[in-house]
Amino acid sequence: MSGRRIAKQRRRADVGIIGGGLAGLSLAYHLSQFHNLKILVVDDGMPKPDHIWGFWDNGSPHLELAREHALSQWWHWQIAEPGNAHVMRGQDYHYYAVSSATYMKALADKCSKANVRFINGTVMKTSIHENYTRMLMRDEQTVTAHHVFDTVNYITPHDCMKQHFLGQHIKVSKNTFNPGQVMLMDFRVSQEDGIHFMYVLPFTEKKAFIESTVFSQRPNEPEWYREQIAEYINRSLHLKGEQVTILKEEEGVLPMSQVKPKHNDGCIPFGLPANAMRASSSYAFAQISRQAYDYAKRETLIWGLPEAGADFFERWMDDVMLDVLNKKPELASHFFTRMASKVQADYFARFMNGRSGFVPKLMTINAMPSRPFLKSIVRF
Ligand SMILES: Cc1cc2nc3c(=O)[nH]c(=O)nc-3n(C[C@H](O)[C@H](O)[C@H](O)COP(=O)(O)OP(=O)(O)OC[C@H]3O[C@@H](n4cnc5c(N)ncnc54)[C@H](O)[C@@H]3O)c2cc1C
C-alpha cells in the first residue's frame, strides 16, 4: 500500500472527537471499553495547566479511575457565614480531589492501550458527506469519521454570571488544618466585589489548597485574589507571623449558565456543549464522566444527544437560583449555609452531582428562603 493511502486510512475512523480534554478523553476511554470502534481524537495541543478537580462520589463506576488517582477524600464538608457555620457529614458520599494533570495522563494511557489514536490539529469546520463527517483542520488536512463529537464549541450568554477564582497550594510551619474536613464555602471574607468565599482543601495538617472564588460578571485582577487569600491566612487561620510557602497557583473562569452548542455540521455536541456543567455551581467533572460512561455503556449506540448534567427540573432550579443570586447577591451566604443545615449531606452531594431523584430536590427547595425564590419562580 502506498504511503499516501496509509496516511489517509489513519485519518479515517468510526468515531472522531473534537477536543482531547476531559470530555473528549472520557468519551474515547468509555467507548473503547464497551465497543470495538476505531476512535480518533483531534486536539490542538494548547497547554493545559494542572489544577484540582473536586467531586462527590459514592463508588460509581464512571468515577472508578478518578477515585484510584484521588489526592485525598473527605467525609465532612462545611459551609460558613458570619456567625453561623455548618458541617455536613457524608455517609455514602465522600468529597474527592484529583490533579487534572495526573488524571488526564491516566485517561490518555488507558486510551492509548485501547488503540485510540490522537491527531494534533485545530478543527476549523466540519461538513456532512454521504455516510461520514469531514473535519477540516487549520493546516488544511482532513479527518473523516462516521460519527463526530464536538466537545469544544458552545455559546454562553455574554452577560451571564461567572465563577472566577485563583487558588494557591500552600505549606505552613505549624499544624493548622483539619485533614478530615473540607471548607466548601467560607463567606466570612470581603463581599464588596461580588459573592465571595474561600474554598479550602486540607491535605495534611500543614498543607492545603486555598482558593478565593467570586460569582460575578467580571473577573478581578489576579493580585486581588492573592490579597484575599493572604488576608484569610492571617486573620481566619491565625497564621500572622508564621512561615507560609506558596507551592503553586491555579486560576480559572467558568460560566454559570445553561449553554447552547454552536452548530457544527454533522457533529454531536458532547460535554460542555451538551450542558454537562451544573449552571448553579460550575461543577462539571463528575457530570462529564457520567455523561461519557452512560453514553458508551449502551449495547447499541444511538448516536444522539447525550443527557445533560442535570435533569429538566434541576436545570429550572439552577435558573431560579441564579436569578435570585443575580438580583440579591447579599442573600448568597445565608442561602448556602441554610442549605448545608437543612439538606442531609448525601442528598446535598446528589443534588450537586445532578440527576438526583425526588428527595434531594425536595429538600433543596425546602431550604430556599421562600420570598425571593417565589418572585424568581414567577419569572421562569
Ligand atoms: C481551573 C479549573 C478548575 C476546575 N475545577 C473544577 C472542579 O473542582 N470540579 C468540577 O466539577 N469542575 C471543575 N472545573 C470545570 C470542568 O471540570 C472543566 O472545565 C473540564 O476540564 C471541562 O472539560 P472539557 O473537555 O470540556 O474542556 P477542556 O478540558 O478545556 O478540553 C478541551 C480541549 O479541546 C482543545 N480544543 C479547543 N478547540 C479545539 C479545536 N477547534 N480543535 C481541536 N482541539 C480543540 C483544547 O485545547 C482542549 O485541549 C474546573 C475548570 C477549570 C478550568
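This is a predicted model: local features need pLDDT of at least 70, side-chain atom pairs count only at pLDDT 80 or more; totals for chains, interfaces and linings use all residues.
A polar contact here is a pair of N or O atoms within 3.5 Å. A backbone N or O atom of alanine 284 sits 2.7 Å from an oxygen atom of the ligand, and a backbone N or O atom of phenylalanine 285 lies 2.8 Å from a ligand oxygen. On its own the ligand would expose 990 Å², and the protein buries 81% of that.

Stepping back to the whole shell, 30 residues surround the ligand, and Asp43, Asp44, Lys48, Ala284 and Phe285 are the closest of them. By type, the shell splits into 17 nonpolar, nine polar and four charged residues. Two or more residues each come from helices H2 (22–34) and H6 (285–297) and from strands S2 (39–43), S3 (52–57) and S17 (244–255). Of these, S3 gives the most, with three residues. Domain 1 (3–47 + 100–156 + 257–297) and domain 2 (162–255) both supply shell residues, so the ligand lies between them.

Then there is the nonpolar core. The largest one has 43 residues, and the members touching the most others are Trp56, Trp77, Tyr95, Leu184, Phe336 and Phe348. Helix H7 (residues 312–327) is the top contributor to this core, giving six residues. Domain 2 (162–255) turns up again here: the core takes at least three residues from that domain and at least three from domain 3 (324–379).

Methods
Residues are numbered from 1 along each chain as its sequence is written. Side-chain values use heavy atoms; hydrogens and water are left out. A residue is near a molecule or strand if one of its heavy atoms lies within 4 Å of it. A polar contact is a pair of N or O atoms within 3.5 Å; within protein, one must be able to donate a hydrogen and the other to accept it, and residues adjacent in sequence count only if both atoms are side-chain atoms. Accessible areas come from the Shrake-Rupley method with a 1.4 Å probe; for residues, only the protein chains shown count as cover. Helices (H or I, at least four residues) and strands (E, at least two) are DSSP runs, numbered from the N terminus. Ala, Val, Leu, Ile, Met, Phe, Trp, Tyr, Cys and Pro count as nonpolar, Asp, Glu, Lys and Arg as charged, and the others, Gly among them, as polar. Domain bounds come from an automatic or database domain assignment. A nonpolar core is a set of buried Ala, Val, Leu, Ile, Met, Phe, Trp, Tyr and Cys residues joined through side-chain atoms within 4.5 Å. Buried means under 20% relative accessible area, exposed over 50%, partly exposed in between (1.4 Å probe, protein chains only).
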